[in-house]
Amino acid sequence: MPDGKVALHFEEIAKAFSRQKVLNGVNLSLQGGEIVLLLGANGSGKSTLLRIAADLLRPDSGRRKVLLGERNATAQEVGYLGHNSMLYADLSVYENLAFFSQLSGGLAEALIDAWALQDIRNSLARDLSKGQLARLSLARAFLPAPSIVFLDEPTSALDERGVQILLREIGKVRELGGLVLIATHDIARLAAYAQRVLVLQQGKMACEEALGLGGSSAKALPFYHSINR
Amino acid sequence: MRRLATLLRKDLRIELRNREGLTLILGHALLLSLIASFAVGSAFLNPLSTSRVFPGLVWMIFLFAATLCIGRSYDHELVSSAMDGIRLCGVPAELIYLSKVLGNFCLIFFSHVITLIVLGVLLNVPVGMGFLQLLLVSVPVIFAYAALATLLAAVAATSRLKGMLLPLILLPLVFPILISGIELFQGILESGALPLDAVWIPLLLVADVVYFVAGINLFPILLKD
């Protein structure tokens, strides 16, 4: 459980690759206890924003704060899933989780049970299907027990069972007062579980809205659909 | 220390499973030793001259084989961004660098020992009693090389030229330590003892400190950009 109120603050975050501006002065303030969907067209800067949030990428300018109470969150308190698996192809499912557990202080066995990986625990990561690899990557992202989780298109390769496990795990983080920020295009499966939606457009935060019951939205989702047509 | 051991154990497990690094470095070292022995044999050098070219050949073979091997030392970390996974576990970048330097050092040193033995036999160089002193001198040379090459391999791995860039940026900077290694090997083979008063020993120790301190300070910056 977080030992203080979880909060994420971005102040005028900007990032460019070569001459291409990807984020152009993003301001954002989120509190714990929410599952937040980050929407936007391809190339709008969602993945870059998540990498900066997870402290894997340095912004060109602006300030990023991920707080647990009064202090900055440590790396172990932040979970992140990117486009790549972040796993070792030549290690088995168990060896991968054991390796990252030993570094972060989590329990590999508990994750194997939680993510239903028992049947493939001795398979090498290189031999897994895309869906199995996605489930293993998500298990790693939840090591050891993060209070803030950033997920980049987590449902893109998951089967229905995988999605159910994901929803259960992000639900647990939220119930404990944590924050889950998900970049996704899979609104149909995730909107009903989210409390807030953000829409990025050309590197700027174009729209933000608290969702109603069952994921109903008067402003943000119609706006996202209009720019993504 | 526990985290360092975990990182080293992971690299060792992957290496033992696919033996890519060992095959690459030993394969190149042995083939180059064979070519060198033919080249020297065809020149009909006398035993004294052969002993004199031996140090240069050993360190040239080391340079080619080690540079090829070290160029791929981040392949497993970068192919699926596993390095990011390690950083998200709160492992300091300095510790990742240290584990890579130690892993590369062990692999290159092992290959270097085999090269010394094989090339010594092929060229009929009486290494004999000086063998341990040759190994002793090799430790600071290879450590300085590993410290520098591990840093520059990280630069090369994220560039568009990948492994092709590494020799271009590495070779000019390793000249001082290679010349030290060659000169100290000459001294040992000629006198049978380590030339303790030679200027090359302090130069090597300074290179060890400078390259390692530079690596441990610059690697975290590279990782974040």
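Predicted model: local features only at pLDDT ≥ 70, side-chain atom pairs only at ≥ 80, totals over all residues.

Trainee: Rings, then. How many aromatic pairs are there over all chains?

Mentor: The count comes to 13 aromatic pairs over all chains. Take A:Trp115 and A:Phe142, which form a tilted pair with 5.5 Å centre to centre and 45° between the planes.

Trainee: Where do A:Trp115 and A:Phe142 sit in the chain?

Mentor: A:Trp115 is in the loop between helix H3 (108–114) and helix H4 (130–141) of chain A, while A:Phe142 is in the loop between H4 and strand S7 (148–152) of chain A. They are 27 residues apart, and the pair links distant parts of the chain.

Trainee: Are A:Trp115 and A:Phe142 buried or exposed?

Mentor: Both A:Trp115 and A:Phe142 are buried. Over in chain B there's a stacked pair, B:Tyr74 with B:Phe219, at 6.2 Å centre to centre and 25° between the planes.

Trainee: What does the pair of B:Tyr74 and B:Phe219 tie together?

Mentor: B:Tyr74 lies in the loop between helix H3 (47–70) and helix H4 (75–78) of chain B, and B:Phe219 lies in helix H9 (residues 200–224) of chain B, so the pair ties together parts that are 145 residues apart in sequence. Both B:Tyr74 and B:Phe219 are buried.

Trainee: And which residues form one aromatic cluster?

Mentor: B:Tyr74 and B:Phe219 belong to it, together with B:Tyr97, B:Phe105, B:Phe109, B:Phe143 and B:Phe212.

Trainee: OK, charges now. How many salt bridges turn up over all chains?

Mentor: A search of the whole structure finds 20. In one of them, the side chains of B:Glu77 and B:Lys10 meet at 3.0 Å, N to O. B:Glu77 lies in helix H4 of chain B and B:Lys10 in helix H1 (residues 2–18) of chain B, so this pair ties together parts that are 67 residues apart in sequence.

Trainee: Why does B:Glu77 count as buried?

Mentor: Because its relative accessibility is 1%, and buried means under 20%. B:Lys10 is buried too, with a relative accessible area of 5%.

Trainee: What does B:Glu77 do with B:Lys100?

Mentor: They form a salt bridge, with the closest N and O atoms 2.7 Å apart. B:Lys100 is in helix H6 (residues 93–122) of chain B, 23 residues apart from B:Glu77 in helix H4. B:Glu77 and B:Lys100 are both buried. Salt bridges that share partners join B:Lys10, B:Asp11, B:Glu77 and B:Lys100 into one network.

Trainee: Where is B:Asp11?

Mentor: B:Asp11 is in helix H1 of chain B and is buried, with a relative accessible area of 19%. Leaving aside its neighbours within four places in sequence, B:Asp11 is in contact with B:Glu77 and B:Lys100.

Trainee: What about B:Glu20: which residue does it form a salt bridge with?

Mentor: B:Arg72, with the closest N and O atoms 3.2 Å apart. B:Glu20 is in helix H2 (residues 20–42) of chain B and B:Arg72 is in the loop between H3 and H4 of chain B, 52 residues apart. B:Glu20 counts as partly exposed at 38% relative accessibility, whereas B:Arg72 counts as buried at 15%.

Trainee: Switching to the surface, which residues make the nonpolar patch?

Mentor: B:Leu34, B:Phe38 and B:Leu122 make a nonpolar surface patch of about 300 Å². B:Leu34 is in helix H2 of chain B and is partly exposed, with a relative accessible area of 38%.

Trainee: And B:Thr50, is that buried or exposed?

Mentor: Buried, with a relative accessible area of 7%. B:Thr50 is found in helix H3 of chain B. Setting aside neighbours within four places in sequence, B:Thr50 is in contact with B:Val40, B:Leu45, B:Leu123 and B:Val125.

Trainee: Last one: why is helix H1 of chain A largely enclosed by the rest of the structure?

Mentor: Because six of the eight residues of helix H1 (residues 46–53) of chain A are buried. Among them are A:Leu49, A:Leu50 and A:Ile52. Just after H1(A), A:Asp55 takes a positive phi of about 65°.

How values were computed:
Residues numbered from 1 in each chain as written. Chains lettered and ligands numbered in written order. Heavy atoms only, no water. Phe/Tyr/Trp six-rings, centres within 6.5 Å; stacked < 30°, edge-to-face > 60°. Helix = DSSP H or I, 4+ residues; strand = E, 2+ residues; numbered from the N terminus. Buried < 20%, exposed > 50% of the residue type's maximum accessible area, 1.4 Å probe, protein only. Salt bridge = Lys/Arg side-chain N within 4 Å of Asp/Glu carboxyl O. Patch = residues over 30% accessible without salt bridge, like charges linked within 9 Å, V, L, I, M, F, W, Y side chains within 5 Å. Areas by Shrake-Rupley, 256 points an atom, 1.4 Å probe, with all protein chains shown as cover. Contact = heavy atoms within 4.5 Å.
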